[in-house]
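Here is a briefing on one protein chain and its ligand. Please look at the structure first, then read the points by topic.

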Amino acid sequence: MAFLTGALRGQDLNLHVIRARSRVRSIWRFVHGYRSLYLVALLLLAVAALARSSFAWVIKTFTDDVLLPGNYDRIPLMGLYFLGLAAAAGLLTFLGGRLAAQTAEGVTRRLRVFLYDHLQHLPFAYHDRMQTGDLIQRSSSDVEEIRRLFAEHLMGLSRIVSMSSMAFVAMWQLSPRLALVSAIVIPISVGVSFGFWSYLARIYDLFQDQEARLSSLLQENIYGARVVRAFAREQYEIAKFERENAILLNRGRNVVRFHNVFWPSMDLILASQMVGSTLFGAWMAIDGQISMGTYVAFTGLLGLMVGPVRHLGRIFAFITQSLVSYERVLAIINEDREPLDAGLVDMPQELAGDVRFEDVSFIYPEGTQDRPGESTLPGVLHGISFHAEPGQVIAILGPTGSGKTSMMNLLPRFYAYTGGRILLDGRELTEYPRRQLRRHIGVVQQEPFLFSRSIRENITYGTFRKVSEAEIVAAAEAANIHESILDMPRGYDTVVGEQGVTLSGGQRQRVAIARTILKDPRILILDDATSAVDTSTEKAIREALRNLMRNRTTFVIAHRISSIASADRILVLDQGRIVQTGTHEELVAQAGTYRDVFRLQTSIEAELQADIQSTLEAQPA
Ligand SMILES: Nc1ncnc2c1ncn2[C@@H]1O[C@H](COP(=O)(O)OP(=O)(O)OP(=O)(O)O)[C@@H](O)[C@H]1O
Ligand SMILES: [Mg+2]
């Protein structure tokens with residue numbers, strides 16, 4: 001069947017094509033590959049409606065030719081007609097529903113895959129400005145809402161439209177006058193539905209926004225459960241949640257209130273129509289303008305025509321809800337991906353790792369969709385210039401918030417610098433495709449993230465080839481984590497986090513280091529890799545890092561001078577500017593921030609040592 005192969009082809013559709021000014025156009029593109037399937041589904045519904053309204057003809061014949069003249073012989077035939085029509089209507093509706101469900105499943109499956117892929121490709125700046133809870137809601141419940149749009153709501157709409165119009169046509173054939181009188185209410189109720197409809201769209205939008213807020217809050221609190229406990233802020237968080245929840249309740253009530261007003265009004269309008277038409281038809285029958293059979297058939301058709309209109313409002317409401325969801329998902333689809341493979345030149349096979357910053361400045365992009373690229377945020381980096389030769393170790397020191405992480409995030413092009421140039425092996429960074437660039441750069445982040453998968457999977461995460469057990473162990477040994485892994489319940493197969501073992505900060509960091517060792521990058525960025533650990537672990541990590549840094553251009557961000565004293569060059573950063581630069585010896589020899597910090601740190605450490613010493617000596621033997 002042609003439409004089935006079409007459906008299969010449609011799975012590869014790049015959903016970017018659904019970008020369109022008009023919503024109808026974009027939804028139509030959205031079902032690309034499933035269009036014939038869906039049209040057949042709609043057609044089946046229309047034929048089912050035809051079968052249903054054909055009942056009127058059977059009833060009329062039955063009344064006029066069988067019932068009133070007392071024609072026993074034709075009763076079985078009439079019975080067969082009834083049965084046949086009922087069976088046909090049922091079967092067609094069932095088939096239509098099946099095809100619609102198939103379309104909906106296919107479309108949403110494709111949507112889910114696309115969204116997952118798309119979210120992985122959106123730039124850092126996008127994730128900075130979006131809340132995780134919101135994104136999760138959009139890619140789960142909003143997607144489900146879109147499934148229902150195709151599987152239920154649009155089908156419902158077409159069922160109503162085809163049923164009412166078929167019934168109208170059938171009624172017209174009985175008596176045009178009766179048909180017109182009975183249809184008066186339809187434009188009125190459609191008008192009322194539309195009025196309420198647009199109102200509901202607004203209040204439902206508010207409701208959904210609040211729902212997203214609440215889910216973000218919930219998620220943050222589950223994530224940050226430890227922080228909440230540690231600061232004893234449970235009451236505060238609960239109160240905050242209750243406040244937001246109350247707003248949600250209120251907005252939910254508004255939606256309910258809407259329904260409470262809408263349905264009775266709708267029923268009143270429709271009931272008056274039914275009563276009015278029935279009386280009018282009765283008058284025509286008594287008056288002899290129509291036969292008794294026509295009257296009976298008419299009352300049946302009246303129900304078929306007016307009845308579905310009652311649900312028009314609800315379908316409108318549902319479609320509105322789905323369209324809100326659709327818009328929310330569309331907003332993600334419309335975001336531009338980070339062009340991972342765009343570039344002017346390929347990275348050299350043998351990268352030397354020569355990095356040069358020339359007067360680099362940077363401002364975080366402020367995330368609004370209307371004004372991409374513009375920012376009113378204060379600049380984070382100003383006039384940064386330095387040169388890192390291949391294999392050198394460059395240390396970066398500076399108070400918190402001085403821009404160390406931001407500076408290093410420019411190198412893998414996580415963010416785009418806003419001024420100056422960064423050169424890698426003599427070419428500007430922007431000439432290289434991001435994907436290739438990132439394969440050559442290893443980052444051990446300030447707070448390394450491990451997946452809830454086995455330690456083995458976490459360690460091999462950055463490699464794109466089959467890795468032997470020996471290599472994994474070698475990397476773990478170099479990162480000084482092998483022994484600790486062996487102590488874990490299932491060794492390298494131990495699952496990290498949630499359902500598995502919780503790793504300490506230092507262990508996490510060393511797993512991240514092993515991961516980077518295995519990745520084997522030419523350029524290495526270590527963001528405060530020893531901040532989360534005690535001194536003996538720090539020593540272990542520093543040893544691990546020394547193994548890692550060999551033959552690589554390395555950037556080390558550190559707060560402790562002791563861990564960077566051996567660097568080839570130290571950059572001291574303050575408020576986004578390099579205020580001092582040189583080797584440890586040079587910097588200690590000149591007055592400035594570095595020497596102050598150095599003296600402070602050594603005197604604190606000396607004091608600490610003395611304290612420990614005296615405490616130990618004071619202990620009775
Ligand atoms: N994603 C972001 N969006 C907007 N501003 C940011 C973002 N990340 C950091 N900043 C701002 O940029 C400045 C520098 O932050 P950065 O994280 O680079 O500091 P840092 O030197 O690494 O500090 P720390 O030592 O605490 O890690 C800060 O003022 C911070 O508020
Ligand atoms: Mg930082």
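In this predicted model, an open sheet of 6 strands runs in the order β6-β7-β8-β3-β9-β10, with mixed pairing. β6 (441-444) and β10 (577-582) are at the edges with a single partner strand each, so one side of each has no neighbour in the sheet. Neighbouring strands here are turned by 15° against each other on average, direction ignored. Strands (E, at least two residues) and helices (H or I, at least four) are DSSP runs, numbered from the N terminus. Two strands pair if DSSP finds at least two bridges between them.

**Ground rules**

- Residues are numbered from 1 along each chain as its sequence is written, while chains are lettered from A and ligands numbered from 1 in the order in which they are written.
- As this is a predicted model, local features need pLDDT of at least 70, side-chain atom pairs count only at pLDDT 80 or more, and totals for chains, interfaces and linings use all residues; side-chain values use heavy atoms, with hydrogens and water left out.

- β6 pairs with strand β7 (residues 523-527) in the parallel sense, over 4 bridges.
- In this pair, Val443 stands opposite Ile525 in β7.
- Helix α18 (residues 505-519) lies across β6 and β7. Helix α18 runs at about 175° to β6. Axes are lines fitted to C-alpha atoms, for helices over the stretch in contact (heavy atoms within 4.5 Å). Angles run from 0 to 180 degrees between N-to-C directions.
- Strand β9 (residues 569-574) and β10 run antiparallel and are joined by 5 bridges.
- Ile570 faces Gly582 of β10 as its opposite residue.
- The hairpin of β9 and β10 has 2 residues between the strands. Gln575 in this hairpin takes a positive phi near 45°.

**The four-stranded sheet**

- An open sheet of 4 strands has the order β2-β1-β4-β5, and its pairing is antiparallel.
- β2 (381-388) and β5 (427-428) are the edge strands; each has a single partner strand, so one side of each is left without a neighbour in the sheet.
- Strand β1 (residues 355-362) pairs with strand β4 (residues 419-424) through 5 bridges, in the antiparallel sense.
- Val355 stands opposite Leu424 in β4.

**Ligand 1**

- There are 14 residues around ligand 1 (a heavy atom within 4 Å). Thr400, Lys404, Thr405, Ser406 and Gln446 come nearest.
- Helix α13 (residues 404-409) gives the most to this shell, with 3 residues.
- A polar side-chain atom of Asp128 is 2.9 Å from a nitrogen atom of ligand 1. Such a polar contact is a pair of N or O atoms within 3.5 Å.
- The side chain of Thr400 has an N or O atom 2.6 Å from an oxygen atom of ligand 1.
- Gly401 uses its backbone: an N or O atom there lies 2.8 Å from an oxygen atom of ligand 1.
- On its own, ligand 1 has 640 Å² of accessible area (Shrake-Rupley method, 1.4 Å probe). The protein covers 64% of that area.

**Annotated regions**

- An unreviewed UniProt entry places "transmembrane region" at residues 37-59, 79-101, 180-200, 261-286 and 292-309. Such annotations may be inferred rather than shown by experiment.
- Residues 261-286 are 100% helix and 0% strand, with end C-alpha atoms 38 Å apart.
- Residues 292-309 are also 100% helix and 0% strand. Their end C-alpha atoms lie 26 Å apart.
- The UniProt annotation "domain: ABC transmembrane type-1" (unreviewed entry) covers residues 39-321. That span is 92% helix and 0% strand, and its end C-alpha atoms lie 23 Å apart.

Conventions
A polar contact is a pair of N or O atoms within 3.5 Å; within protein, one must be able to donate a hydrogen and the other to accept it, and residues adjacent in sequence count only if both atoms are side-chain atoms.
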